[in-house]
Amino acid sequence: MKKTFLCVLLAVALILSLASCNKSGDAVNSGDVDVDTEGKILVVYFTAAENSGVDAVSSASVVTVDGEAKGVSQAVAEMIADETGADLFSIRTSTVYPANMGELIDYADKEQDDGARPELTSSIDNLDDYATVFVGFPIWWYDMPQVMYSFFDEYDFSGKTIIPFTVHNGSRLSGTPAKIAELEPDATVISDGFTVSMQNAANAAEDVAEWLQGLGF
Ligand SMILES: Cc1cc2nc3c(=O)[nH]c(=O)nc-3n(C[C@H](O)[C@H](O)[C@H](O)COP(=O)(O)O)c2cc1C
């Protein structure tokens with residue numbers, strides 16, 4: 001029943017997402033946005049394709065950019081890194097997510113119901129080097145994938161600026177910047193991060209560049 005509801009919602013949302021746009025925004029945790037664009041920058045992302053135990057083409061979610069198949073969040077993360085010269089970090093977990101979309105939807109539903117904290121298997125050694133960290137993920141069940149909760153449990157972003165970005169099928173940011181701000185109360189979290197539908201992601205480079213310009217990059 002819940003699955004049928006999600007399918008209907010995603011279909012409606014797909015239509016809405018065709019008008020998808022993005023903008024730079026306000027800080028969730030503090031008054032003024034003052035993004036440090038000079039120091040070292042990190043782009044963190046989670047994507048199903050790199051955590052499914054199969055190659056990207058066989059995974060539940062894939063996009064092709066310049067002839068290369070990859071997870072949708074990865075594609076957007078790379079666009080941000082290309083524009084800013086940032087380092088890239090892929091969140092990996094020991095959880096092997098189903099490569100079949102229907103199975104993945106059920107699996108993620110249960111993970112969320114259980115409040116799971118999937119084990120992280122990749123780690124950022126030098127977070128102190130970065131004042132500004134982009135953090136991107138797909139919207140799963142109107143929220144961050146549970147592994148993102150593991151991620152924010154693991155790292156302390158006090159004093160840093162977190163710039164969220166999401167890929168979606170209609171839910172856009174789905175309130176996730178506010179959730180990140182709750183998890184990282186001493187970070188500055190940009191409330192209107194970049195968001196793009198999975199259908200538009202492959203061609204999002206120009207939108208990404210425009211959004212980054214708005215942030216001062
Ligand atoms: C388990 C699961 C749940 C999803 N739930 C939502 C949702 O609630 N809202 C939405 O807009 N898209 C939802 N989607 C669509 C994903 O956000 C979209 O497929 C995204 O591009 C996947 O990114 P990735 O390739 O980086 O994993 C869901 C996809 C999956 C696999």
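This is a predicted model: local features need pLDDT of at least 70, side-chain atom pairs count only at pLDDT 80 or more; totals for chains, interfaces and linings use all residues.

Residues are numbered from 1 along each chain as its sequence is written.

**The whole chain**

Start with the protein chain in cartoon view. You'll find six helices and eight strands; helices (H or I, at least four residues) and strands (E, at least two) are DSSP runs, numbered from the N terminus. Follow them from the N terminus and the order is α-β-β-β-α-β-α-β-α-β-α-β-β-α. Of the 217 residues, 42% count as buried. Buried means 20 or more other C-beta atoms within 10 Å of a residue's own, exposed means 12 or fewer, and partly exposed is in between, with C-beta atoms placed from the backbone.

**Strand β1**

Now select residues 40-45, which make up β1. Five of its six residues are buried, so β1 is largely enclosed by the rest of the structure. Strands pair if DSSP finds at least two bridges between them. Click on Val43: its bridge partner in β5 is Phe134, and in β4 it is Leu88.

**The nonpolar core**

Which residues touch the most other members of the largest nonpolar core? Select Val44, Val76, Ile80, Phe134 and Ala201, out of 49 residues in that core. Such a core is a set of buried Ala, Val, Leu, Ile, Met, Phe, Trp, Tyr and Cys residues joined through C-beta atoms within 7 Å. Helix α2 gives the most to this core, with six residues.

Zoom in on Ala201. Leaving aside neighbours within four places in sequence, Ala201 is in contact with Val63, Val72, Ala75, Val76, Val167 and Val196. Contact means that the C-beta atoms, placed from the backbone, lie within 7 Å.

**Around the ligand**

Next, select the ligand. Of the 24 residues around the ligand, Ser61, Ser73, Pro138, Ser171 and Met198 come nearest; a residue is near if its C-beta atom, placed from the backbone, lies within 6 Å. Which helix gives the most to this shell? That's α3, with three residues. By class, the shell has 16 nonpolar, eight polar and no charged residues. Here Ala, Val, Leu, Ile, Met, Phe, Trp, Tyr, Cys and Pro count as nonpolar, Asp, Glu, Lys and Arg as charged, and the others, Gly among them, as polar.

**Phe152**

Move to Phe152, in helix α4 (residues 146-154). Phe152 counts as partly exposed because it has 18 C-beta neighbours inside 10 Å. Not counting residues up to four places away in sequence, Phe152 touches Ile180, Leu183 and Glu184. Phe152 and Leu183 are 31 residues apart along the chain, yet their C-alpha atoms are separated by 6.5 Å.

**Helix α6**

Finish at residues 205-214, helix α6, and color its buried residues: Val208, Trp211 and Leu212. Seen down the axis, they fall within an arc of 100°, so they line one face of the helix; the arc is that of the directions from the helix axis to the C-beta atoms. What covers them includes α2 (72-84) and β8 (194-197). On the other side of α6, Glu206 and Gln213 are exposed. Just after α6, Gly216 takes a positive phi of about 100°.

Definitions and conventions: Two residues are in contact if their C-beta atoms, placed from the backbone, lie within 7 Å.
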